Amino acid sequence: MKCLIHNQKGLFSIGFSWYAHMDCMKINITRLLILLCIGVIPIVGSKAQTQLDSITYTVSLQDDDLLGAIRQIEAATGIRIYANPGQLPDRAVDISMEDVTLPELIARLLEGTDLTFQPYRDYAIVIGLPSRLNAQYAASYFATLEQAVATEPSEAERTLEIGSVENIAPDGRATVTATLIDAETDLPIVGANVYWPDLEEGFTTDEKGQYTVQVPTGRYEVLISFVGYEERLQQIQVFNDGPLEINLEPRAIELSEVTIQSDSPEDNLDRAQVGVTQVDMLTVKKLPSFMGESDVIKSLLLYPGVSTIGEGAIGFNVRGGEVDQNLIMQDDAILFNPSHALGFFSTLNTDLIQRVQLFKATMPATYGGRLSSVLDVEMRDGNFEGFEFKGGVGPVTSRISAEGPVIAGKSSFLVGFRSSYTDWLLRTIDVLTVQRSSAFFYDLNLRYTHRFNENHQLILSGYSSDDEFTYNEEFGFDYQTITGQAIYKTFFSDKAFNRLSVSYSRYRSEQTDFAGAQAATLSNQISYTRLKNQFTYNPTGDLTVEGGLASVFYQVDPGELSPFGDTSLVTPRAVPRERALESALFGQVTYTLSPAIEVSGGLRLVHYRFLGPGEVPNYENPENPESEEITDVSSFESGETISTYNSLEPRLSVRYRLSPNASIKAGYSRTAQFINQIFNSDSPTPGNQYQLSTAYLEPNRAHNASIGFFRNFAENAWETSFEVYGRTIDQLYDFKDFAELRANNNLETETLNGTGRAYGVEISIKRNIGEWNGFLNYTYSRTERQVTGINRGEWYPSNFDLPHNLAAVVNFQPNQRHTITLNFNYHRGRPVTAPVGTYETLEGLRVPLYSSRNGLRIPDYHRLDFAYTIGMGYRKDRRFKTSWTLSVYNVYGRENPFTVFYDREITQPGRARQLAILGNAFPAVTFNFEWK
């Protein structure tokens, strides 16, 4: 066979044997064959083919078949010719022509056949049946063919194809139904996030692990992510309608947490544990926040059963518990003070957090040491493959974090730093007392993760923070937290996992009064060393067994009072260091009896010892100790046991599935607390001391019970719940009027024994999907005490008794990047003890008459916040991404009272005055960035 083709505007000729032709055409034929199998070829813009018509050739062409001739013409001219081999007749070709255009040559080639042809612009000719070539085709149709031809073999191996090239629809569009599957269990993954950057659209898989999208045909990259699984960037070639199945690999280093981290639409129905709140970090970052700093603790206040008495209050209250009755853990380290700047910010850096869970009262046996709740915060590992930087700049705070591999694929680091700079803002406020105030904080997180192999992993982490606050040069606080921990994970198999951790923490605080005869500094400190080992065994999908032991050694410096300045008349004094060892053995079993019934039961056995050295006073009446009635003192050597307490704590949760969309859950737990924060004001301050359980101060103990009904609607688009809870506290303390708590070596003489109770109803309605989404939460709760010697022995409200608490969040998200969020908070005013009248003595002195303990309430609290977030783009080729958040805290400038106090003169009745910490709207703009 021979081919001689001359270009009349510049000679180019090819004459070759069949074998030489194959060598020259090997790559081009491979691509051509992809297209030769099609039956329909797109024709767009066939009128403007001037270049094909303007070039003429001299042709001498011989071949054994029509397909071979077409290949020779394509190779010699450089013009692509598309044809279906099955439509070409089996006949030899022998043509000699002079000064012909390529269309004229093709017409001669097809003489006597049923085929015709159409030029496509100036670089292709399409051969096919007339009925097919006359159809109307979209440009995306031909673009898809071009992509298929241009795909390299190595790239094709990484690409998942939907449909086939020969079945591309003329309109160039296709409907894709994708399913995400767990690569190990073959089960669908519910609630996973799927983002198509080219479309700027995102989707969430339904209860079948599926989502459906209609797209133009072509090649795409799809970003798939879900907690507990490796993030995947998948290339997809869409030819026509069809299914797509993608397998996700679980993250091997978190096998034991996969179930906990899943947050499917039916998770609220399936989970046996009642009273559990999963905090979505993406939602937290979009919520309106004070001065633009996203905050985990503040976001908790939007959930049912969680409250605070107002701005400027440290910590949070859960189902009627005090702020120190919450166990707050960052990984395995216990945090005693989760607040910066007197409660306006939390110590948790949202950029570094992977998972947040709040257990309200009914907690698994693995947790202990607190009565009310457990806030379990898990930090994420750094990137094992590449370096990343994140940060944000706001009006009063900034943050930055960095992460990346130390040894690629084996070890990583993560570091995050935050700091405040509020003084410039205080100087702009036209209030002299504020201008003379100052506030500053910083926190630093470090984390190093090393994978020895697929079965062994080591995590080293540390945390440091410092706060300094002064008000009007009158008083101030200075407090610091330092933690360090090591976690060693062992994966014996995909069914057995062990976690061993050692942690250390120290919290130190100082409170200083700067002026006057009572100028003084009160300092205290608490530190601990903690060892915990937990083993998890999951032999089947229906059974999970957990067990282990934990031990905490506390050292507490309850208080040291020292004079401040030369004019101070304060006598220095200090309480000796106290020590205690709290050890626990625990076990938990979760078993699915049937599709309808799941039971989770556990037992925690705690042994507590208050240790020497120390001196313990003996009283005439040990049941009611008085400082004037000390008979003698008992001395104890170092390490000697002063007092011992044991606690047997059963835990039980049951879930009964009424239907695919509804379930009932119930739970009970017994809890004990051996360390308390001591305060007799409306709210604790950073300077309040911690007190261990002693021979006279017994541990607090509580019974917690709850039951709830959970119902989802519209294929889990709506979630609703109704929970009822109750708690009784066997051992509770309150303080005598005008009690002296500072650096008191005999604190038991200032306390009164009593009992407590809390009960309430929590209602939640949540919409998960759609442009408009959000939730509405309402809590009715009561928290009361009965203490001998207070309120004539009758029940009275606690300082944080808030009967009505309402929170509503509305999100409008028209697309992936733009979100508008409104949240509204309301709660009943907290109780106070206030003067209700006066009487006059014979000397003419007016003496106030007070109400019963906490018998009145301050005005109600309500606040509206706004935020507009412009999210980061998702283009993978852009390494530097930015986002903006505009927020307004307290939109209508409500002067919410923190407390009410009374001014009075000797000859005048008292006048009520209201103290509002924040009485204005606080706008803020925050700039966030990310570099990969």
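How many cavities of 30 Å³ or more does the structure hold? Hi everyone, the answer is 14. A cavity here is a set of points, on a 1 Å grid over the protein atoms alone, where a 1.4 Å probe fits but cannot get out. Grid points are joined across faces, edges and corners, and a volume is the space filled by probe spheres set on the points.

Before we go in, a word on the model. It is a predicted one, where local features need pLDDT of at least 70 and side-chain atom pairs count only at pLDDT 80 or more, while totals for chains, interfaces and linings use all residues. Residues are numbered from 1 along each chain as its sequence is written, and side-chain values use heavy atoms, with hydrogens and water left out.

Back to the cavities. The largest one has a volume of about 340 Å³. Its lining counts 28 residues, and those nearest the centre are Lys298, Leu301, Asn825, Arg863 and Tyr889; a lining residue has an atom within 4 Å of a point. Strand E48 (818-827) is among the elements that give two or more residues to this lining, and E48 gives the most, with four.

Now the overall picture. The protein chain has 13 helices and 57 strands. These are DSSP runs numbered from the N terminus: helices are H or I with at least four residues, strands are E with at least two. Of the 932 residues, 52% are buried. Buried means under 20% relative accessible area, exposed over 50%, and partly exposed in between, with a 1.4 Å probe and protein chains only.

Which residues touch the most other members of the largest nonpolar core? They are Phe336, Ile526, Tyr528, Tyr554, Tyr608 and Leu692, in a core of 37 residues. Such a core is a set of buried Ala, Val, Leu, Ile, Met, Phe, Trp, Tyr and Cys residues joined through side-chain atoms within 4.5 Å. Apart from this core lies another, of 27 residues, with Ala69 and Phe117 among them.

Next, some strands. Two strands pair if DSSP finds at least two bridges between them. E39 (residues 662-673) and E42 (residues 700-713) are antiparallel, with twelve bridges, and Lys665 stands opposite Gly708 in E42. E42 is also joined by twelve bridges to E43 (residues 718-735), again antiparallel. Here Phe709 faces Phe722 in E43. E42 and E43 make a hairpin with four residues between them, and Ala714 in the turn has a positive phi of about 50°.

Most residues other than glycine have a negative phi, and most peptide bonds are trans. Yet the bond from Gly612 to Pro613 is cis, with omega near 10°, and Pro613 sits in the loop between E35 and E36. Asp99 has a positive phi near 50° and lies in strand E4. Is Arg319 buried or exposed? At 2% relative accessibility, Arg319 counts as buried, and its phi is positive too, near 45°. Asp99, at 48%, counts as partly exposed.

Notes. 1 Å grid on protein atoms, 1.4 Å probe; cavity = no way out; pocket = protein on both sides within 12 Å on 5 of 7 lines; lining within 4 Å.
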